[in-house]
Amino acid sequence: MHVPVRIGPAEAKLIEQLGSRGAAAAAERLAQSGLPTRKVESYHYTDLKMLLRTVPELASAEKALSEPVFRVPGAHRIPMTNGIADLDGTEPAGVRAGTTKGSALTERDDVLVRLNAALAAETLRLDVEGTVGTVLHIDRRTEGDAGHMNDSVHLFVADGARATVIETFSGSDEGHLSNHASFVALGAGVELTHILLDLSGAGATSFATAEYQIGAGAKLRTVTIHVGSALSRINLFARFAGEGAHADITGLNLATEGQHSDITLEVSHNVPRCSSKPLFKQVARGRSKAVFQGKIVVAPNAQKTDAKLMMQGLMLSDEAEILSKPELEIFADDVVCGHGSTVGALDEDSMFYLMSRGIPQAEAESMLVRGFLEEVLDPIADEQLHDALESVVEKWLST
Amino acid sequence: MTTPMLEIRNLHARIAEREILRGVNLTVPAGEVHAIMGRNGSGKSTLSYVLAGKADYEITEGEVLLDGEDILALDPSERAAKGLFLAFQYPIEIPGVATMTFLKAAMNAQLKARGQAEMTTPDFMRAVKEAGQSLHIDSDMLKRALNVGFSGGEKKRAEILQMALLAPKMCVLDETDSGLDIDALKIVSDGVNALRGPGRSMLVITHYQRLLNHIVPDVVHVFSDGRVVESGGKELALELESKGYAGFDEAAA
């Protein structure tokens, strides 16, 4: 027997917003099931029904008003304000930019994807060819008064291309609810570094879903970094679509006082002879909660898969929580797969060693945390981008 | 009478419920090198940790004066800024922190704590290069993460490099000879000897006489059951080598 769920104010608002955009099916679905609770496995640690109390009005089109919170020296920046890209035709050689109607993500059965699919008005589409030496920075902002904003990016990297792309999320108001979608397709032999950096205001709600489709022989490095937003959920889906590809899927989940930050990853090995090395580091301090769920699925025909998932957590306070759930689902028999998860405090012997050289406690702590995170930042080849990300971490540590 | 560089008075320390230091009395005058010899488990390494301020130990009684100032209430970084240096028996590996970055942070933190101006990068690089040369430390090693993947010899040389750069007035060397072959021992000892001088005292902890052929002490103390049971000239080390520690146990009892 179907028991209708109780609809809270946040859900009622979302249903109304979906209805106002003509997304009757999505509205109906949400009315029937409500937002996911802890009983839904993929949201077990991030009970959206409980955590999402209010939903602001749908954001309207705005011109970018606030100063960018993050700049990469030498990068080509494409501002995207409340879902509308500001294209001025100065894209570097090898990059073609345009827009398409609707969201880049439509398929996946996830509440955030359904919302984005119904509410994102347009998608920024970037086509990348050849070797692009300039870092591309997609500066995704939520501007204006507190608003509910859905935006979308489709990045298509053609066969043999090489590029580095960073997408940042930030906004003007602590009351924003932003829900971002990115679809990243890598052709054969592509070498791509793709970074997602959430710099939303400390009180904001930030959701994101990124899907990667990885072509034969491609090399993908992703770095997903959370530093902002009070409530955050980032879905990462990576799917191998061609043989002989490799993906380093990495991230830093930094949670501070009052924050709940969840990164959930699913890697699908659907074809043979691919390798993936997910590596996520979480640091939690104050009363905060950092969540990482990582699942590797190896399909029956994906023989010779080599996959190793690693989560390392660092607790900087007694009130902080780090939750980690690594999973392997293996249906092929000739594979090498593993996972590991560790959580601990700062090593006392290391602290003593640094302090015995005259480095004061606070500085020694931040040095060890930086050292802990460096494994994820170190492989970023573009020096200016690497340094810019390091300074984001630095700033997080010093505030 | 001049103030000794280090004065330990009736020092008692325990870890959990076990008393390890049981009334240590020891005085190292300025400019002198003293050796502490004792068998494994006699409390030598505990003494070095307690001097440097490791938090695991509870001090139940006694005083430690560095250049006349009681340091027991200070944290390890404050003691270091006052001029105390411990060369670790097992230097700790710090992943993700380049040796060079660490050295600069340590030097500048100490200068800052003493109210002195921080070093400029070129001055710092020059100082490191100079100090590194005699210890056979090249720039490649300095780019690597601190002590990570260093051989035993490299770790000990890196410790002495830190000592040379930080220019402490009181050096405590905890089993600096352990894990070193003859050649490495010579490099490390030469490095230590080069740092001997009137303004600097050293406490060299070892259980082999071998190290003391290279770093010749002014005074040798025998440590047993958590305290100094005998003190004498460098010939005491030779006596220990031939008689073993057993002969000194009675003195401790």
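Mentor: Gladly! This is a predicted model, where local features need pLDDT of at least 70, side-chain atom pairs count only at pLDDT 80 or more, and totals for chains, interfaces and linings use all residues. Residues are numbered from 1 along each chain as its sequence is written, with chains lettered from A and ligands numbered from 1 in the order in which they are written.

Trainee: What radius of gyration does chain B have?

Mentor: The radius is taken over C-alpha atoms, and the globule rule is 2.2 Å times the number of residues to the power 0.38. For 253 residues, a compact globule would come near 18 Å, and chain B agrees, with 18 Å.

Trainee: Why does A:L373 count as buried?

Mentor: A residue is buried if 20 or more other C-beta atoms, placed from the backbone, lie within 10 Å of its own; 12 or fewer makes it exposed, and in between it is partly exposed. A:L373 counts as buried because its C-beta neighbours inside 10 Å number 23.

Trainee: Which strand pairs with strand 9 of chain A in the parallel sense and includes residues 162–171?

Mentor: Strands are DSSP runs of E, at least two residues, numbered from the N terminus. Two of them pair if DSSP finds at least two bridges between them. Here eight bridges link strand 9 of chain A to strand 7 of chain A.

Trainee: How many residues of strand 9 of chain A are buried?

Mentor: This strand covers residues 191–198 of chain A. It is largely enclosed by the rest of the structure, because the buried residues among its eight number seven.

Notes:
Helix = DSSP H or I, 4+ residues; strand = E, 2+ residues; numbered from the N terminus.
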